[in-house]
Amino acid sequence: PLVSMKEMLETAKGERYGVGQFNLNNLEYAQAILQAAEEEQSPVILGVSEGAGRYMGGFNVVVAMVKSLMESYGTTVPVAIHLDHGSSFEKCAEAIHAGFTSVMIDASHDPLEENIALTKKVVELAHIHGVSVEAELGRVGGQEDDLIVDDAEAAYAIPSECKQLVDETDVDVFAPALGSVHGPYKGEPNLGFDRMEEIMGLVDKPLVLHGGTGIPTADVKKAISFGTAKINVNTENQISQGKAVRKVLAEQPEQYDPRKYLGPGRDAIKETVIGKMREFGSSQKA
Ligand code: G3H
Ligand code: ZN
């Protein structure tokens, strides 16, 4: 069934595993991720960035596609459709009205008071509709679609501010940026685990780890032990899909049937997602 992230992530936090947010880019992503989740009996979050939403034809198209795939597949595991890095109240409202079950309002670039005010406004609307809300403090480095944060701008969240934001806004899930990066890491990731532990003590909500691509398993486990219940992965699926598509096209330069190269690309996404579900411990938890 289609559900919000709230219960899914509170359970995950309590039982100490992580639920993956896997970003959608097109039909094949939705197919691969839903198939992986059902096979693994894992809860799953389908992340949709504003750019990917536009690419697929709008939020309403995304919801219709996911709903009818779930019907065709007879999906039994909990699935959330989540707006990733929502940039404004209007975009969050659009997603909520299109049928998303969860939204992120990313006002992390704003001063704290403005971030709090905007997040609060989104929470008020979302909760009327039974939609969960994720907020962010600090700044995740790297690039995802329209969201570009250079090294100098990337910032670690301040624990006292995290507590203030969560207390004043009633968000369901909280993403403190602690050194993670969108896209591949330059060198080893340097996650602020001391702060993560402190934040876990101050904030009674499941935490989110953005930039899941390229984080070593030991760090994933550590993050889960410090209250992280949601781990976002996008680039890694894109890399595996790209590799598989390139392989077919290199081996068969005359190939023009999209199913012959997008099919293997889809299989590669599915395999990557299954690997993540096992690594995060969400397999067999649906
Ligand atoms: O919001 C989405 C994620 O944080 C994805 O990050 O592309 O580095 O896996 P990633
Ligand atoms: Zn992110």
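Which element gives the largest share of the lining of the largest cavity? The views below take up this question and the zinc site of a predicted model.

**View 1. Strand β10 gives the largest share of the lining of the largest cavity.** Its share is three residues. Two or more lining residues come from β8 (173-176) as well as from β10. P176, A177, V208, L209 and H210 lie nearest the centre of the cavity. The whole lining has 13 residues.

**View 2. The largest cavity holds about 60 Å³ of space.** The count of cavities of 30 Å³ or more comes to one. Nine residues of the lining are nonpolar. Three are polar and one is charged.

**View 3. Three histidines coordinate the zinc ion (ligand 2).** H85 and H182 each use NE2, whereas H210 uses ND1. The zinc ion sits at 2.0 to 2.1 Å from these atoms. Along the chain, the donors follow the spacing H-x96-H-x27-H. H85 lies in strand β3 (residues 79-86), and H210 lies in the loop between β10 (207-209) and α9 (217-225), so the pair ties together parts that are 125 residues apart in sequence.

Conventions. Residues numbered from 1 in each chain as written. Chains lettered and ligands numbered in written order. Predicted model: local features only at pLDDT ≥ 70, side-chain atom pairs only at ≥ 80, totals over all residues. Heavy atoms only, no water. Donors = N, O, S within 2.8 Å, 3.2 Å for Na, K, Ca; no water. Helix = DSSP H or I, 4+ residues; strand = E, 2+ residues; numbered from the N terminus. 1 Å grid on protein atoms, 1.4 Å probe; cavity = no way out; pocket = protein on both sides within 12 Å on 5 of 7 lines; lining within 4 Å. Points joined across faces, edges and corners; volume = space filled by probe spheres on them. Nonpolar A, V, L, I, M, F, W, Y, C, P; charged D, E, K, R; others polar.
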